[in-house]
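Please find below a colleague's note on the model under review.

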Amino acid sequence: MSRVPSRARTFVALLFAGLLASVTAAPAAVDLSTGIRYVYESGTMDECATKAQASLSAFLQNTHESAAGSMEWIAEGPMGASGPQMLTASGTVHCYAAAKGYVVTFTCVAETPANPYTADALCLDIAHTFSGKAVTPLPTPSPVPTGCNTQNLIGDWQSDDDPKVKLKMDSGGGLTDQDGVSGNWILYGDSANLTYYGDHKLKLSPDGKHLSGSGYHFTRKC
Amino acid sequence: MTSRSRTAFFAAAVAGALALGSAPARASLDTVIGPRTTVENKPFADCSARAKAALQSTMQNAFEAGAGSGEWIGVGRIAAGADASSSAVIECHPTGTGYAASFTCAAEIPPSPDTAASLCNKLYAAFNAAPAAGGAK
């Protein structure tokens, strides 16, 4: 028996197992909300379309009809999201013609924990805006971290292997090198995928400063 | 340093390292409204049966948002017990003599192997291939 007390060893083992379990779990999840349905016995489909766009645009951006004339409206968010990497919420409003008036339904999706509010909260506010009821203000997104962090790859990166190679990664998931060649980045946990002269899988270091893998080594300026 | 303090230091280091490693990720949320299908001369129950069957065959689960609502939800996971990486809703809506079904899909990429569009296309195909009401479980 070593000199380390057994209680302490048990504590360390449990701590390690517990934290490992929390790390191996998927770090984000899709949260979906549906079920709110309003039946209007008077009113036109045009009215539904106008209200659908307005209610989505009150909380999300890029509101558009999924196909011309479909009466299905979709928007994404949160407000201010500047690219695919930052999109963590979406909402849809479907208008259906009825014998008298119309029926409208609402579906929302949020990526947790990145999005600052739940899909239920978003859908309730969109529906209440549609029907003219009071809404609950939604939390605003936290500012996107910059510098060396483990949540994104935004920033300027310098190749450790070739001093000429420099990559600028933006908040929209895009990257551009020193010659103007563009690509994309995506980060999931500490696994990064760079689309830059092919697809490359790299690992982000725990301090958010180094990317390595597939023969590449980069250091972030921070 | 005593053995106890070494142990405590080790535990703190492990906790710190793993906490850093479990920081939230940045995936991309992909959402689409898929194709809408309109079926004439079929009961509303046919739509629900097809929606349920399509979700079960594609996503291995299906439940109705509210009993009789005709809004069917499926959740996709990359492994049993994992968090949801995709979800889909098939909405059934009665029309004059039949029904309309619409498909809304969302996928978190990564880890979802399907985009929202490909998931919706699979559901649409499965919906149309499903047996009519009475044949569905």
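This is a predicted model: local features need pLDDT of at least 70, side-chain atom pairs count only at pLDDT 80 or more; totals for chains, interfaces and linings use all residues.

1. Chain A contains an open sheet of 5 strands in the order 1-5-4-3-2, with antiparallel pairing. Its edges are strand 1 (29–40) and strand 2 (61–65) of chain A, each of which pairs on one side only. From one strand to the next, the twist averages 15°.

2. Strand 1 of chain A is joined to strand 5 (residues 102–112) of chain A by 11 bridges in the antiparallel sense. Opposite A:C108 of strand 5 of chain A stands A:S33.

3. Helix 2 (residues 45–57) of chain A packs on this sheet and touches strand 2, strand 3 (72–77), strand 4 (89–97) and strand 5 of chain A. The direction of helix 2 of chain A makes about 170° with that of strand 4 of chain A.

4. Helix 3 of chain A lies across strand 1, strand 4 and strand 5 of chain A, and runs at about 150° to strand 5 of chain A.

5. The largest nonpolar core has 70 residues, and those with the most contacts inside it are A:L122, A:I126, B:A88, B:I90, B:C105 and B:L123. Helix 3 (residues 119–131) of chain A gives the most to this core, with 8 residues.

6. Which residues does A:I126 contact, leaving aside its neighbours within four places in sequence? They are A:S55, A:L56, A:F59, A:G91, A:V93, A:F106 and A:C108.

Note on methods. Residues are numbered from 1 along each chain as its sequence is written. Chains are lettered from A and ligands numbered from 1 in the order in which they are written. A nonpolar core is a set of buried Ala, Val, Leu, Ile, Met, Phe, Trp, Tyr and Cys residues joined through C-beta atoms within 7 Å. A residue is buried if 20 or more other C-beta atoms lie within 10 Å of its own, exposed if 12 or fewer, and partly exposed in between; C-beta atoms are placed from the backbone. Helices (H or I, at least four residues) and strands (E, at least two) are DSSP runs, numbered from the N terminus. Two residues are in contact if their C-beta atoms, placed from the backbone, lie within 7 Å. Two strands pair if DSSP finds at least two bridges between them. Axes are lines fitted to C-alpha atoms, for helices over the stretch in contact, and angles run from 0 to 180 degrees between N-to-C directions.
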